[in-house]
Amino acid sequence: MTSTLRRLVIMPAWNEESVVGSTITELLRVVTDADLLVVDDGSTDGTASAARDAGAHVMVLPFNLGVGGALRAGFVYAWEHGYDQAIQVDADGQHDPTQVEAVLAGLEHADISIGARFAGAGDYRVRGPRAWAMKLLSSVFTRAAGVQLTDVTSGFRAANRRTILQYTRHYPAEYLGDTVDSLLTAIRAGLTVVQVPVAMRPRQGGEPSHAPWKAAVYLLRSAFALLIALTRERTPARELPTRRAAA
Amino acid sequence: MTSQLVFGAVAVVVAFVLFRLLRAGRIREKYAALWILIGVGIIALAAWPGLMVELSHLFGVAVPSNLLFFAAILLLLGVALHLSLEASKLEDEVRTLAEQVALIRTDLDDARATATAASDDGTDPDRTRG
């Protein structure tokens, strides 16, 4: 699908020197009708230069802000540079670039499009407290959004311009703030969400932790993040300035 | 009587140190105000020992020192909370600044690269936007 929409791929990277280059190379080969912005989140290794060598446009944060901080910086960039759509993609190669188009296509039906792991494609499985946490998150979000959402902690998400504006206003740097809090607040602001099934690949660097106590802590922290986000006052999403109508 | 002198001395020292810090501009008034208030309170209590007993009768506390401890804990809790709030606000402001600096630097680098490319005539300097 070719479109006249201006699209930005936001890739937050923190000390990903070893993998960021190959992720970018692959992404640039597959995704041709979008610009790429790598947000170097205060890396202490050569992430920024590795990304530049691979041909990416790089924004360097002066120090580490956390995923949420890096992403908000990316969304502020997208907003100020007039992008119509932005999609966040992990630097560790977990998100398949060939699915970028599919996730972006979800924006035809909603303000936010989530590439979800449990929606049929792929074979990602979890058990124990982590599974309970995901079940809790999924049920709360499904109720709030009015559509079935199975993987709200997925970092493979696309936003239209209205959502980009919302994210520049509310995108917490807290733990889970980049996924749970920002999404729930956006939904409560009246933005719509759609879920697109995607297969995720194993990360190229490092294995995700499956220690039970870590999973339990994860459950507690998700519940806490939910509680905070759910009890926060609703602020309706701002309407876009009308100058975009001409574009 | 000795205890009165000790408390009085402590209060005076605290007030003096705060005053000097404030004068040197090393502590902001909004933080100092609370401490000065506490200092004044301690001086009042030291100068007028009967006050504590009166107050504890008023609040129905049997042992006056317990009222003192309760008040002290409450005050310290307030101070700690205030500092946490200020720290959170500062972190938020720092985050926004970092974002803005990164944004400006990125745009500046782009503008420079474009200018260099224009003067060198030809070579594409970077993946350009839009």
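Here is a short chat about a helix pair and a cavity in this predicted model.

Local features here need pLDDT of at least 70, and side-chain atom pairs count only at pLDDT 80 or more, while totals for chains, interfaces and linings use all residues. Residues are numbered from 1 along each chain as its sequence is written.

Visitor: At what angle do helix α1 and helix α2 of chain B pack?

Guide: The two DSSP runs (H or I, at least four residues) cover residues 2-23 and 29-47 of chain B. Their axes, lines fitted to C-alpha atoms over the stretch in contact, lie 9 Å apart. Angles run from 0 to 180 degrees between N-to-C directions, and this pair comes out at about 160°.

Visitor: So is α1(B) roughly parallel or antiparallel to α2(B)?

Guide: Under 35 degrees counts as roughly parallel, over 145 as roughly antiparallel, 65 to 115 as roughly perpendicular and the rest as oblique. The angle of about 160° therefore makes α1(B) roughly antiparallel to α2(B).

Visitor: Which residues of α1(B) make the contact?

Guide: Contact means heavy atoms within 4.5 Å. On the α2(B) side, W35(B) and I36(B) are among those taking part. From α1(B) come Q4(B), F7(B), G8(B), A11(B), L18(B) and L22(B).

Visitor: Which helix gives the largest share of the lining of the second largest cavity?

Guide: That cavity (1 Å grid points where a 1.4 Å probe fits but cannot get out, lined by residues with an atom within 4 Å of a point) has a volume of about 40 Å³. Its lining includes R52(A), M59(A), R105(B) and D109(B). Four lining residues, the largest share, come from α4(B).

Methods: Chains lettered and ligands numbered in written order. Heavy atoms only, no water. 1 Å grid on protein atoms, 1.4 Å probe; cavity = no way out; pocket = protein on both sides within 12 Å on 5 of 7 lines; lining within 4 Å. Points joined across faces, edges and corners; volume = space filled by probe spheres on them.
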